[in-house]
Amino acid sequence: YMKSFVAGITKTGEGHDVEENQIPIIIHAHKLLEWLVDRNKIKQAWKTTIKQIYEMSEAAVTQTIPPPSSLSSSDNMFEISCLAHNNKSKMGYFTAKKIFNEMKYICSLSGKDGKTLLGYFQDSRLQKWADILQAYEKNHIYLGEAAQ
């Protein structure tokens, strides 16, 4: 019994018994972006792509979310509207994801959160935010933004 247990453990540094897949990778925060680019986790030209995504999200806010002044504080869209209009010019991945999830919930209340036969959302506003998230996730652009 003990031999099978010891076989799965590799001794690493300073005499500690640690499984090899449990060893953490230590990267300093100021070198994370460089590390991601060097290891081809994100492309070298990710900054040009993120500018396009910022333009997409700014257009989506203007087209799909009414300004907070036009909504009452009890309206379901009020929180999303405040969040979106306050971060309009440089909306990050996590803010866009939160807006998408909130809009999906609101659409589910009205039954418009379903997808078409081709996999697009029935609600065009929800589809715009899904496209923004897909642009962030394509080529792992959100990692570069988070590492800044």
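**Aromatic pairs and the core**

Colleague: How many aromatic pairs does a search of the whole structure find?
Modeller: This is a predicted model, so local features need pLDDT of at least 70 and side-chain atom pairs pLDDT 80 or more, while totals for chains, interfaces and linings use all residues. Numbering runs from 1 along each chain as its sequence is written, and side-chain values use heavy atoms, without hydrogens and water. Rings of Phe, Tyr and Trp (its six-membered ring) pair if their centres lie within 6.5 Å; planes under 30 degrees apart are stacked, over 60 edge-to-face, the rest tilted. The search of the whole structure turns up 4.

Colleague: Is the pair of Y93 and Y142 stacked or edge-to-face?
Modeller: Their centres are 4.8 Å apart, with 25 degrees between the planes.

Colleague: Is Y142 buried or partly exposed?
Modeller: Buried means under 20% relative accessible area, exposed over 50%, partly exposed in between (1.4 Å probe, protein chains only). Y93 is buried at 8%. Y142 has 23%, so Y142 is partly exposed.

Colleague: What kind of aromatic pair do F100 and F121 form?
Modeller: F100 belongs to helix α5 and F121 to the loop between α5 and α6. F100 is buried at 9%, and F121 is buried at 10%. With 5.7 Å centre to centre and 70 degrees between the planes, the pair is edge-to-face.

Colleague: Which residues form one aromatic cluster?
Modeller: The cluster consists of Y93, F94, Y136 and Y142.

Conventions:
Helices (H or I, at least four residues) and strands (E, at least two) are DSSP runs, numbered from the N terminus.
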